[in-house]
Every structure is written in C-alpha cells, then in structure tokens.
Amino acid sequence: MSILVTGGAGYIGSHTVRQLTRGATDVVVLDSLELGHRQAVIEAELVVGDIADQELVIGLCRDRGVTQVVHFAAYKSVGESMSDPARYWLNNVAGTTKLVEAMLAAGVEQLVFSSSCSVYGTPAHNPVGEDAPIHPESVYAESKAMVERILQWYGVTHGLRSVSLRYFNAAGASDDGRIGEDWRSSQNLVPLVMKATLGRSGPLTVFGDDYPTPDGTCIRDYIHVDDLAAAHLAALAYLDGGGSTTAVNVGTGTGSSVYEVIRATERITGRAVPYAVGPRRSGDPVATFADPATAQRTLGWRACRGLDEIIDSAWRWHRDHPDGFPAEG
Ligand SMILES: NC(=O)c1ccc[n+]([C@@H]2O[C@H](COP(=O)([O-])OP(=O)(O)OC[C@H]3O[C@@H](n4cnc5c(N)ncnc54)[C@H](O)[C@@H]3O)[C@@H](O)[C@H]2O)c1
C-alpha cells in the first residue's frame, strides 16, 4: 500500500511527503521537476514524469499498490494564467482529468486535491466559509474551481471520493530548515520580504497602504506549510475512514496585514525590512481569511503555528539558502 504524491518535489508537496514518510507511510512522488527540486524529496522515491502520462500513472499505481493520491502538481502563477491561459487549462484542468482517468483505470478511488481560497475571489464577508460564493477572478482560480467540480462529477459517475483543500496563504519552511520555498519561483509575500531583508532584491513594494484596514494594508491568512501538510494527512485519514467528497478551507482563521508581516520580520530577524509603498494592485482583495471550523469538524485538523513561527522558519531557510535549492551536480 502506498500513496502517490504528484508535485511532491514542489514547496507544499515536499513538506507533505516528509510528514507522510515520517509516519512510515510508503510514498511515491511523481513530479516533472519543471518547478520542483530533486533535493526537496527526502526519504521518498521520486519518479520524474508528467501527470498527463496515463501509461506511467497506471503503471505506478499498479506496481506500487497505490491506494490514495495527493495531487499538488499544477501551475500556480495568477499573472501568467492571464497572459497564457492555455498553459493552465492544459496542465491544471486537462492534466488533472487525465490523472484521474488513469487512477481510476488502476482502481484508485481516493484523491486529495490542492485547491485554493482564490476560488472565492474577493469575498463579501470574512471569515470566509466554504458556503461563500465561488467567484474566480483569474484563469488560475477558475482552473481550481473547475477541477473541484470535475472531481465532484467523478464522484457521481465513477465513485471517486475526494477532498479539495482550499489553501489560504502557504508560508514558512520546515522546522529543521532542510526544505522551504524557493524564492526564484515565488511571488508570495513572505519570500519577497525575506529577499528584501537579505538585500537580495531592492526594497519590497507594499501595494497600497490606504485600504480600509487598521493599518491600511491588505490582510491575508498566512498558514505555516507544516500545518498545511498536516491537513493532507488528516484528509487522507478522512477518506480512508469512508469520508465522502467535500471541500474544506485550510487556514488559521486569523488575518495578518502586510505591515504586520514586515514588523514581525523586523522583530524576529533584528533587521530592518526595506520597503516602499506603491499603488494598489488591481484585483487584490482588501482582506481574506478563513473560517477553519469545517476543517476542525470534518478532518479533526487545525493550525498549530502562527505568524511568528512562519517568519522564524522562513528566515532561517532563506538566510541559509539564499539561492534556493542547490543546482544539481
Ligand atoms: N503556494 C500557495 O500558497 C498555494 C495556495 C493555494 C493553492 N496552491 C496549490 O498547491 C499546489 C502546490 O503548490 P506549491 O506552492 O507547492 O507549488 P510548486 O510550484 O512549488 O509545486 C508544484 C509542483 O508540481 C510540479 N508539476 C507541475 N506540473 C506538473 C505536471 N504536469 N506533471 C508533474 N509535475 C508537475 C512542479 O514541477 C512542482 O514541483 C498547486 O496546485 C498550487 O496551485 C498553492
């Protein structure tokens, strides 16, 4: 019995793979390495290949006795999805459909899917519950919403059971500092703050500080990547226990503003974060944070770490790996 993890050489996938292998679960990672890193896969087998390669997926599922799939593999850049939508329809939507067909052909009927809070677009209310309207505002977000619906239909037509985990803002790095987010391929706030703090970029741009929030900057729900990883293990256990198809928010329930992230970084690192305030960015919601009650009720999961743990672990990772993962020799 083993678990197939697609995209397991990427940021969130590699942290999840480590938690699975630490729990003595047999894991096989399938990653194209287009955006992932061989060095991020610790103590698990890595197969380099594409989720759309159905022969490969069927063979892996059959040969390794796969019973469940965790599906991270996708493209995730909102901006790129608007300039090159086909890349997102083909990889995120068509690729996932091919993966699911291959899993089912091999008799695997349980899937945990990486969805995103971006499916809600700009939420009318906070905290955001799973019953909030689905209103994607980018091709990327639409690709996640489409896959959620495709998975629901596979439940109806083929008996697939799936959990779509709607991640809020993943951040931080592993406690032991061995794996973290490669800032070369990230536009997320925490890596950008670290880059500016370490002098590896110019000053951070704060996109607007005149929003209707206490300090004028946008508010997001930052969730530690190890807490996020733990949610996948909880979702796998839920499916293993016979749980039916569902979609669940994965956030802390607490929002932090851009200035709060900057202040926490200054306090924890003892360094000034160079930043400049720029104009608002179109399409940025003022505030988004999760109502995590469903995750607690359904999966028995809740976040254990807060902003300080995120900043502390990210700081140690980026300080020690300013160039991300080393180039392969
Ligand atoms: N990082 C976040 O804050 C966040 C938030 C919401 C949702 N997500 C979703 O979580 C998932 C993982 O995100 P991440 O931050 O770890 O991204 P990442 O880019 O670090 O990891 C994605 C991995 O998938 C691999 N991949 C992509 N297409 C593939 C394919 N066709 N076949 C095989 N491998 C392929 C890449 O090489 C990479 O290793 C993605 O689906 C992303 O959309 C991420």
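This is a predicted model: local features need pLDDT of at least 70, side-chain atom pairs count only at pLDDT 80 or more; totals for chains, interfaces and linings use all residues.
**Helix α1**
- This helix takes in residues 11–22, so to speak its 12 residues, and reaches 17 Å from its first C-alpha to its last, close to the 16 Å expected at 1.5 Å a residue.
- It's mostly covered, with nine of the 12 residues buried.
- Those buried residues are Y11, I12, G13, S14, H15, T16, V17, R18 and L20.
- Just after α1 comes A24, which takes a positive phi of about 65 degrees.

- Most residues other than glycine have a negative phi.
- L33 isn't a glycine, yet its phi is positive, at about 65 degrees.
- You'll find L33 in the loop between β2 (27–31) and β3 (45–48).
- Is L33 buried, exposed or partly exposed? L33 counts as partly exposed because it has 15 other C-beta atoms within 10 Å, and the buried label needs 20 or more.
- E43 sits in the loop between β2 and β3, and has a positive phi of about 60 degrees without being a glycine.
- E43 is exposed, because 10 other C-beta atoms lie within 10 Å and the cut-off for exposed is 12 or fewer.

**A cis peptide bond**
- Most peptide bonds are trans.
- The bond joining N126 and P127 is cis, with omega at about -5 degrees.
- P127 belongs to the loop between β5 (110–116) and α5 (139–158).

Notes: Residues are numbered from 1 along each chain as its sequence is written. Helices (H or I, at least four residues) and strands (E, at least two) are DSSP runs, numbered from the N terminus. The expected span of a helix is 1.5 Å times one less than its number of residues.
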